[in-house]
Protein chains: 2
Amino acid sequence: ALAAPAIAQTTDKIQWRCTSSFPQSLDTIYGGATDLATYVREATDGAFDIQVFAAGEIVPGLQAADAVQNGTVEMCHTASYYYVGKSPTWALGGVIPFGLDQRGMNAWLYYGDGMNLLNTFYNKQGLQYLPAGNTGTQMGGWFRNEINSLADMNGLKMRIAGLAGRIMERIGVVPQQIAGGDIYPSLERGTIDAAEWIGPYDDEKLGFYQVAPYYYYPGWWEGNLTLCSFINKDAWDGLPPAYQSLLQTAARAANVEMMAEYDYKNPTALRSLAGKGAQLRAFPQDVLDASYEAGMALYDELASDPEWKTIYDSMMAFEVDHFLWTQVAESTYKNFMMDKQRNNLLPGQKTGGGN
Amino acid sequence: ALAAPAIAQTTDKIQWRCTSSFPQSLDTIYGGATDLATYVREATDGAFDIQVFAAGEIVPGLQAADAVQNGTVEMCHTASYYYVGKSPTWALGGVIPFGLDQRGMNAWLYYGDGMNLLNTFYNKQGLQYLPAGNTGTQMGGWFRNEINSLADMNGLKMRIAGLAGRIMERIGVVPQQIAGGDIYPSLERGTIDAAEWIGPYDDEKLGFYQVAPYYYYPGWWEGNLTLCSFINKDAWDGLPPAYQSLLQTAARAANVEMMAEYDYKNPTALRSLAGKGAQLRAFPQDVLDASYEAGMALYDELASDPEWKTIYDSMMAFEVDHFLWTQVAESTYKNFMMDKQRNNLLPGQKTGGGN
């Protein structure tokens with residue numbers, strides 16, 4: 001008596017539209033939405049059909065969540081920190097400066113209180129939140145001139161937004177909000193001195209190395225970036241339970257897929273960029289330390305917002321645990337293997353496969 | 001004309017049995033199979049129903065793949081290196097000593113040649129391979145006495161199997177094959193001196209800290225461990241395409257879920273173990289270096305096996321790239337954050353949440 005109506009539910013034909021915040025040219029990050037849609041379409045033989053639209057096709061990339069809230073589309077694929085203008089709390093579903101890395105974020109989201117706390121917040125905005133992709137730790141961006149100490153950051157005009165921009169401002173940087181397509185000419189003309197983007201694979205496409213050759217790491221404002229789908233709450237609530245479950249499963253799959261794709265493509269792009277003259281540099285310690293202090297001061301101020309504080313405190317409590325555990329087995333193993341890599345002692349380097 | 005039969009296909013009722021290599025008490029690793037089954041069952045409203053059996057319920061844990069090969073069950077959830085007795089090549093779907101870490105393995109599997117090469121091999125064994133879980137870098141195990149240098153490893157009777165055991169043998173260790181349940185009494189009686197298991201969360205349950213308090217890291221033989229499902233090839237080929245796609249999606253989701261669960265549970269267990277007297281120790285550098293040399297010598301010998309060599313060479317070529325890229329943004333960010341953690345400077349430590 002139960003099985004028949006349940007199966008009938010699943011085969012309801014459902015057509016949704018998903019607006020991405022990204023152009024198709026950023027194939028890895030845009031691919032998070034198409035991967036998710038493909039998994040859902042294939043598993044249902046096309047009965048649940050999500051059509052993906054690139055940024056600008058329906059609404060501009062930075063209005064993707066708004067389009068879901070007002071019902072223009074059923075869902076989007078975006079980065080939650082694009083919407084910090086509404087409230088800083090929005091950023092917590094993506095990443096905050098000096099936040100968790102990719103493994104830590106997934107652990108907190110899926111097994112800590114992350115998903116529940118975030119959905120308590122986003123539900124109030126009329127949205128259901130599903131993590132669906134990650135870039136890993138991003139690069140710190142492209143600089144026209146070398147940064148030798150904190151003093152060199154002073155007065156620097158840098159394309160950087162959101163909470164990271166507010167922190168940069170406190171260490172003397174003049175943050176600029178510039179759309180992706182305008183970064184290259186701005187760097188070329190010198191109307192800006194630096195710009196952050198994503199990582200080697202995406203950055204190479206935009207050619208920044210030609211006009212701002214110093215390539216800094218790490219992007220301390222994006223220790224990971226969790227991409228997500230926001231789903232219109234009414235549309236979510238109206239889905240049959242089977243499709244709700246499938247969407248969650250597909251989003252988890254898209255999450256691991258995007259990370260794997262970046263991890264596969266970034267090393268090749270990094271070598272290619274180095275071959276084209278990009279100058280790889282670590283941020284000086286005093287830049288990192290000053291940024292950290294400025295970040296902590298900002299977070300002290302944000303604690304007056306109870307919505308922020310509830311979620312932030314949970315994330316930060318787990319961050320302590322995560323960076324404790326990371327330094328035991330994971331980091332010591334990576335350190336050992338990275339040392340072999342630098343000394344050309346990996347098996348792939350003996351047979352001519354290495355750098 | 002196309003949609004109706006396709007949807008009819010999806011709602012075919014299919015019942016499978018999945019035998020796990022693990023007991024229910026190892027809830028995280030056993031949970032990889034039940035997560036996968038749940039995702040599939042929910043997405044199909046129960047039409048594709050995979051029932052999971054713990055090790056020993058149908059066949060012993062180390063015969064899970066055999067049970068799939070001979071058609072006793074349609075699928076299993078296991079670690080591929082349990083079957084190195086058949087051929088060392090089997091290990092490559094799980095992990096090999098000094099191999100990739102979790103992010104690297106996923107990148108190679110999903111975007112490199114990993115999945116294709118492995119399935120070319122496993123298909124010949126009558127199996128379809130699907131990655132479905134990860135433990136991350138494991139711990140190096142429990143030792144009754146402190147290891148201060150390579151000399152202390154000489155003659156040590158250690159519970160460790162497979163390729164790792166063969167490498168340990170070359171540095172003077174006497175490897176022992178002992179089932180999980182027999183480790184504790186063997187350590188207690190001193191019939192063995194050391195034993196490797198998984199990591200803090202699983203290890204704490206077995207109580208090894210009471211009889212072998214020195215807890216070493218990293219487990220260089222398991223920089224990651226990819227758990228997998230093997231599916232009987234005929235059963236796989238007979239699935240409707242929608243269910244093949246759904247199984248792959250569910251396996252990806254189980255992969256990210258298990259890693260998140262271990263990352264969430266291990267830090268708490270690590271603190272708990274330390275509180276109970278476990279003595280955390282890094283392997284001395286000469287132990288790691290001698291093991292590495294012994295490993296490379298073993299791999300030189302295994303290169304005469306063409307099935308091994310094809311897959312191994314592909315994995316090792318990517319390993320060079322992976323540990324290059326890892327040392328740029330990811331590791332420098334983690335290092336910065338781990339330093340803050342050690343110095344009690346993380347936000348969660350200010351508010352009394354940390355150690």
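Biologist: In which loop is Asn344(A) found?
Modeller: This is a predicted model, in which local features need pLDDT of at least 70, side-chain atom pairs count only at pLDDT 80 or more, and totals for chains, interfaces and linings use all residues. Residues are numbered from 1 along each chain as its sequence is written, chains are lettered from A and ligands numbered from 1 in the order in which they are written, and side-chain values use heavy atoms, with hydrogens and water left out. Asn344(A) has a positive phi of about 55 degrees although it is not a glycine, whereas most residues other than glycine have a negative phi. Helices (H or I, at least four residues) and strands (E, at least two) are DSSP runs, numbered from the N terminus, and Asn344(A) belongs to the loop between helix 13 and helix 14 of chain A.

Biologist: Is the peptide bond from Tyr217(A) to Pro218(A) cis or trans?
Modeller: Pro218(A) sits in the loop between strand 9 (214-217) and strand 10 (226-232) of chain A. Most peptide bonds are trans. For the bond from Tyr217(A) to Pro218(A), however, omega is near -10 degrees, and the bond is cis.

Biologist: How many residues apart are Arg159(A) and Glu196(A)?
Modeller: Arg159(A) forms a salt bridge with Glu196(A), their closest N and O atoms being 3.3 Å apart; the term stands for a side-chain nitrogen of Lys or Arg within 4 Å of a carboxyl oxygen of Asp or Glu. The pair links distant parts of the chain, with Arg159(A) in strand 6 (residues 157-159) and Glu196(A) in the loop between strand 8 (194-195) and helix 8 (200-206) of chain A, and they are 37 residues apart.

Biologist: How many salt bridges are there between chain A and chain B?
Modeller: The structure holds 38 salt bridges over all chains. One that joins the two chains pairs the side chains of Arg271(A) and Asp321(B), at 2.5 Å from N to O. Between chain A and chain B the count is 10 salt bridges.

Biologist: Which three residues supply 10% of the area that chain A buries against chain B?
Modeller: Chain A and chain B bury about 8,600 Å² between them, 66% of it on carbon and sulfur atoms, where buried area is the accessible area (1.4 Å probe) that two parts lose on being put together, summed over both. On the chain A side, the three residues that supply this 10%, more than any other three, are Tyr111(A), Trp325(A) and Tyr333(A).

Biologist: Why is helix 10 of chain A called roughly perpendicular to helix 4 of chain B?
Modeller: Axes are lines fitted to C-alpha atoms, for helices over the stretch in contact (heavy atoms within 4.5 Å), and angles run from 0 to 180 degrees between N-to-C directions. The axes of helix 10 (residues 241-275) of chain A and helix 4 (residues 102-110) of chain B come within 8 Å and cross at roughly 90 degrees. Angles under 35 degrees count as roughly parallel, over 145 as roughly antiparallel, 65 to 115 as roughly perpendicular and the rest as oblique, so helix 10 of chain A is, relative to helix 4 of chain B, roughly perpendicular.
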